[in-house]
Amino acid sequence: MFLSQKLSVVIIGLFWMVFVSSAPLTLEITQGVVSAVPITIPDFNSDGLVDQNLAQIIRDDLRRSGRFQLTTTANLSDQTIEQPDIAYWRQQGVENLLLGQIKKINPQEYEVQFRVFDVIRVQQIMGFTIPSPQRYLRHTAHRISDLIYEKLLGQKGVFTTKIAYITSYRQADKTLYELQIADADGQQAQSTVRSAKPLMSPAWSPDGSKLAYVSFENRHSAIYIQELATGKRQKITAFAGINGAPAWSPDGRYLALTLSKGNNPDIYILQLNTGQLQQLTRHHAIDTEAVWSPDGRSIVFTSDRGGSPQLYKISMQGGGIQRLTFEGKYNASASFAPNGKLLAFVHQVNQDFRIAVLELSSKQLKILTQGKLDESPSFAPNGSMILYATQAQQNGIVAAVSVDGQVHQNLRVQQGSVREPVWSPYDKR
Amino acid sequence: MKLINVMTSLVLMFAISACSLFDKQHQDDEHVGVEVEDKSISTQAQTQFKPRIPPQHQDQADTLAYQDQNNLTMGQLESNLQNQSDYTDQHQHQNISSVSQSDLDPFSDDQNNPLSDKIIYFDYNSDQIASEYQTIIQYHGQYLLDNPQAMIELEGHTDERGSREFNIGLGERRAQSVYQSLLLQGVSPNQIQMISYGEEMPAVDGHDESAWKLNRRVVIVYIN
């Protein structure tokens with residue numbers, strides 16, 4: 001009996017994998033930068049030990065960032081990582097070279113070793129050995145991408161981060177809604193919540209361990225917080241009327257949220273450990289979509305108190321409310337850059353809704369996207385890219401644009417429609 | 001014994017694979033999912049997926065204008081239009097006060113039943129109830145007055161344009177417009193619940209005005 005239980009556990013694992021791989025997100029780069037850094041990454045020397053091509057994962061990561069130009073080369077299996085023939089690579093016109101190898105150190109454990117060379121100066125730029133259990137090999141490849149990105153561009157990479165998003169699809173006359181989490185490259189997508197009623201507004205806790213979201217199960221809106229490691233969830237608010245737009249304070253102790261309590265929507269602050277609720281805005285207009293400034297001192301929100309939806313800022317220390325957007329008749333759904341200097345938001349241009357950024361010091365507004373129904377911008381934790389939802393072929397897809405507007409990526413899901421993407425913070429483990 | 005074990009696990013495997021599409025939780029030690037069981041699905045919920053044409057009112061000129069607009073809508077709606085004009089003919093000469101409402105069944109989808117019309121449509125970014133929908137609200141208000149045990153939920157919806165949480169606010173404003181209108185008729189607030197789904201539950205898929213105008217709506221749902 002024990003044996004059969006063990007077997008079935010293995011088999012569950014198999015079917016899980018089948019499900020996961022049946023609905024991948026495909027990331028494609030649609031536009032990159034001119035000044036991309038050239039790099040060559042031949043396949044790793046792994047003696048056929050693993051079926052994952054780590055070099056390919058790293059090449060894809062770097063190419064999709066739009067900041068690297070990947071040059072192809074012949075695969076030289078006779079070269080060892082210890083003694084590479086740098087002269088040969090120089091002849092090939094290679095400028096930066098990454099060589100790697102995978103060794104098995106015990107049945108479940110591998111060791112991934114890599115070195116990056118400046119071929120022109122004949123110098124090693126960096127070299128690491130990363131022990132990696134088999135199921136973390138993919139993650140290890142993303143870590144290598146992060147290390148290269150930071151070394152060559154001077155900015156922390158986001159290849160090991162995750163994204164959460166909502167999908168919806170029709171199944172037997174019913175629409176099903178899922179809150180999913182995937183790696184930043186769209187792979188390893190997993191369903192976190194599934195419901196026959198809408199799910200909305202996922203928000204990562206600052207340590208990346210929890211998600212807050214809105215669920216309409218049982219004909220009520222309610223805000224839940226779910227622990228990702230255990231799946232345990234807790235209903236946070238279920239007042240009459242709207243329970244929406246949860247946003248974590250940078251220290252993770254408070255949740256800003258929108259409640260209407262059967263009247264009209266205002267912003268409230270909930271202290272999570274005590275349950276104490278404090279009303280922050282008080283106006284007969286719609287006040288919603290609160291986001292915290294990274295220093296936690298102020299909140300930016302959407303309000304139509306001036307007649308049309310615009311962004312406003314309120315200080316947590318009290319004091320006045322300041323209007324931030326003046327261009328256009330619709331500015332909503334703000335996301336703060338991690339450095340606190342920029343806001344990304346939905347901005348209406350004629351009949352179209354696009355993603356724009358506002359530099360808070362200069363008040364300069366720049367439109368970054370060209371869609372008709374672009375929405376839900378979310379900054380990457382390194383501030384380099386903005387994830388957002390857009391329409392392609394009548395379906396919702398996720399896309400990303402660099403803050404300077406130069407790099408564009410699309411992230412497709414095979415089944416249904418994707419929306420409300422949110423980029424996770426850095427993994428704090 | 002070994003064979004039996006293997007057989008057991010095979011059966012298990014099939015049982016598990018059959019539900020794995022729906023029940024795929026706990027398979028991964030890093031990440032555990034939640035399946036939300038929804039207890040709220042009723043037969044009424046079906047009606048909101050069916051595109052219903054806004055009813056024509058008495059004014060002939062407006063009716064024509066309305067049909068004009070509908071030339072833009074999807075082909076699947078054309079047959080509804082046909083049915084709708086039959087309905088309008090029958091109701092054109094009815095005065096609301098002359099109808100005995102005590103026999104009416106709000107759960108009936110029979111088109112001769114004035115309570116079968118449960119959708120109020122709105123203009124873009126507006127929560128104003130157009131005069132043509134007052135009749136629908138009056139019929140339901142009268143029914144609620146005659147049947148104090150009856151309960152409704154007003155579902156506010158918007159089209160897909162603009163931000164999602166702002167649209168939740170806008171959908172609630174629309175539901176409140178209908179709510180206020182029913183209260184003015186004397187309906188007890190205890191008979192009315194409200195929920196806004198914003199743009200999350202469109203009646204019609206599509207990304208142009210022909211779909212949008214059918215999605216900007218308040219649906220009256222009888223919950224007992």
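This is a predicted model: local features need pLDDT of at least 70, side-chain atom pairs count only at pLDDT 80 or more; totals for chains, interfaces and linings use all residues.
Residues are numbered from 1 along each chain as its sequence is written, chains are lettered from A and ligands numbered from 1 in the order in which they are written, and side-chain values use heavy atoms, leaving out hydrogens and water.

**Helix pairs**

Helices (H or I, at least four residues) and strands (E, at least two) are DSSP runs, numbered from the N terminus. In chain B, α4 spans residues 134-146 and α5 spans residues 164-184; their axes come within 9 Å and cross at roughly 55 degrees. That angle makes α4(B) oblique to α5(B). Angles under 35 degrees count as roughly parallel, over 145 as roughly antiparallel, 65 to 115 as roughly perpendicular and the rest as oblique. The axes are lines fitted to C-alpha atoms, for helices over the stretch in contact, with angles from 0 to 180 degrees between N-to-C directions.

On the α4(B) side, Q134(B), I137(B), H140(B), G141(B) and L144(B) make the contact, and on the α5(B) side V178(B), S181(B) and L182(B) do so; contact means heavy atoms within 4.5 Å. Sorted by class, these residues are four nonpolar, four polar and no charged. Nonpolar covers Ala, Val, Leu, Ile, Met, Phe, Trp, Tyr, Cys and Pro, charged covers Asp, Glu, Lys and Arg, and polar the others, Gly among them.

In chain A, helix α2 (residues 54-64) packs on helix α4 (residues 137-153) at an angle of about 45 degrees, with axes 9 Å apart. α2(A) is therefore oblique to α4(A), and their crossing is right-handed. From α2(A), the contact involves L54(A), I57(A), I58(A), D61(A) and L62(A); from α4(A), the contributors include L137(A), R138(A), A141(A) and I148(A). Here the division is eight nonpolar, two polar and two charged residues.

**Sheets of chain A**

One open sheet has four strands in the order β14-β15-β16-β17, paired antiparallel; strands pair if DSSP finds at least two bridges between them. β14 (243-248) and β17 (277-279) are at the edges with a single partner strand each, so one side of each has no neighbour in the sheet. Neighbouring strands are turned by 25 degrees against each other on average, direction ignored.

Another open sheet of four strands, also with antiparallel pairing, runs β18-β19-β20-β21. Its edge strands are β18 (287-292) and β21 (321-323); each has a single partner strand, so one side of each is left without a neighbour in the sheet. The twist from one strand to the next averages 30 degrees.

| Strand pair | Bridges | A bridged residue pair |
|---|---|---|
| β15(A), residues 254-259, and β16(A), residues 266-271 | six bridges | Y254(A) and Q271(A) |
| β18(A) and β19(A), residues 298-303 | four bridges | T288(A) and T302(A) |

Helix α5(B) packs on the sheet with β18 and β19 of chain A, touching both strands, and its direction makes about 155 degrees with that of β18(A).

**Salt bridges**

Over all chains, the whole structure has 26 salt bridges, each a side-chain nitrogen of Lys or Arg within 4 Å of a carboxyl oxygen of Asp or Glu. One of them joins R194(A) and E178(A), at 3.2 Å from N to O. R194(A) lies in strand β9 (residues 190-195) and E178(A) in strand β8 (residues 174-183), 16 residues apart, so that the pair links distant parts of the chain.

Conventions: A crossing is left-handed if the near helix is turned anticlockwise from the far one by less than a right angle, and right-handed if clockwise.
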